[in-house]
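Hi everyone, thanks for making time this morning.

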Amino acid sequence: RICGGYLVWKYNDAWPQIYSGKVDYYIEPTIPYYAIRRAYAPLLLSFEVGTYIWLWAVNDSPSPVEGEATIQLFHLPSNEVVAEIARPVAVGPDRSAVVVRLDEAGIGTFYRDHVLYACLRDSEGQLIARTHAYADIERRVTFPRARLDVQVQEDGALAITTDRFARSVVLEGDAGGDAFGWFFEDNWFDLLPGERKVVRVLGDHVRGRITAHAWYSPYTTAVDWQKSS
């Protein structure tokens, strides 16, 4: 609980290679880039898994945060929420606080085919933070064959939903054979049924074909995309 800081090495690659860069030679962000971007968000929810499981709220912003956190236990095989609790959250600026200890709130024993999910919404019901955690390490979890639905909004952003839990949603673009340099607001993210993820397409591309699939699923969804004028 005491940290002297983190050093992220390094930001970009100067030539084509497989190394530690967060942005590759073609100016396309890699998996670590998106993971670090999410981890450095000013407002975080985080599950601490030890003897007990706690949900923390971390506020690195200069303003206080208030809202309601919803914690769900999601069962992968049956594709349903099997337990749910809600708790008020109030965290001052530059502070962290325990939201709830799960067993005391009614979420006790569960197994590796479950996923913990939590989201924080403000007083107007807007989503301001979310997180999830697996009950076991990834190689011991059987992820479902999710099918994604992707809709292009009027502003050019992608609205993505899924029928089953989608582990590592991968977005890729191709503009007439040019598959390099695509820059998405977020990528390689997990998605639960009932969530709606909106992702803006950034960078210099103005049109192309965008595909989306979950890493452990054989199903791919493709849409024709054009930047909003």
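Let's start with D186, which is buried at a relative accessible area of 7%; buried means under 20% relative accessible area, exposed means over 50%, and partly exposed is what falls in between, all with a 1.4 Å probe and protein chains only. Before I go on, a word on where this comes from: the model is predicted, so local features need pLDDT of at least 70 and side-chain atom pairs count only at pLDDT 80 or more, while totals for chains, interfaces and linings use all residues. Residues are numbered from 1 along each chain as its sequence is written, and side-chain values use heavy atoms, with hydrogens and water left out.

Back to D186, then. Which residue does D186 form a salt bridge with? The partner is K197, and the closest N and O atoms are 2.8 Å apart. By salt bridge I mean a side-chain nitrogen of Lys or Arg within 4 Å of a carboxyl oxygen of Asp or Glu. D186 sits in the loop between β11 and β12, whereas K197 is in strand β13, so this pair ties together parts that are eleven residues apart in sequence. For those labels, helices (H or I, at least four residues) and strands (E, at least two) are DSSP runs, numbered from the N terminus. K197 itself is partly exposed, with a relative accessible area of 24%. R38 joins in as well: R38, D186 and K197 are linked in a network of salt bridges.

K197 has another contact to show you. Its charged end sits over the ring of F189, 5.0 Å from the centre. The rule for a charge over a ring is that NZ of Lys or CZ of Arg is within 6 Å of the ring centre and within 35 degrees of the ring normal. R101 gives us another example, lying over the face of Y52 at 3.7 Å from the ring centre.

Staying with charges for a moment: how many salt bridges does the structure hold? The count is twelve. One of them joins R200 to E185, with the closest N and O atoms 3.3 Å apart. R200 is partly exposed, at a relative accessible area of 45%.

The side chains of D136 and R112 also meet in a salt bridge, at 3.5 Å from N to O. Here D136 is in the loop between β7 and β8 (148-152) and R112 in the loop between α2 (102-105) and β6 (114-121), which are distant parts of the chain, 24 residues apart. R112 is partly exposed, with a relative accessible area of 46%.

Now for the aromatics. A search of the whole structure finds eleven aromatic pairs. Rings of Phe, Tyr and Trp (its six-membered ring) pair if their centres lie within 6.5 Å; planes under 30 degrees apart count as stacked, over 60 as edge-to-face, and the rest as tilted. Y25 and Y26 make an edge-to-face pair, 5.2 Å centre to centre with 85 degrees between the planes. Y134 and F165 are edge-to-face too, at 6.3 Å centre to centre and 85 degrees between the planes. Y134 lies in strand β7 (residues 127-134) and F165 in the loop between β9 (158-162) and β10, so the pair ties together parts that are 31 residues apart in sequence. Buried or partly exposed, where does F165 fall? F165 is buried, at 1% relative accessible area, while Y134 counts as partly exposed at 23%. Ring pairs also link Y134, F143, F165 and Y216 into a cluster.

Last stop, the strands. β1 (residues 43-49) and β2 form a hairpin with three residues between them. Seven bridges join these antiparallel strands; strands pair if DSSP finds at least two bridges between them. On to β5 (residues 95-101), which runs antiparallel to β2 and is joined to it by six bridges. N59 shows both pairings: the residue is the bridge partner of L43 and stands opposite R95 in β5. Strand β2 (residues 53-59) is mostly covered, with five of its seven residues buried.

Thanks, everyone!
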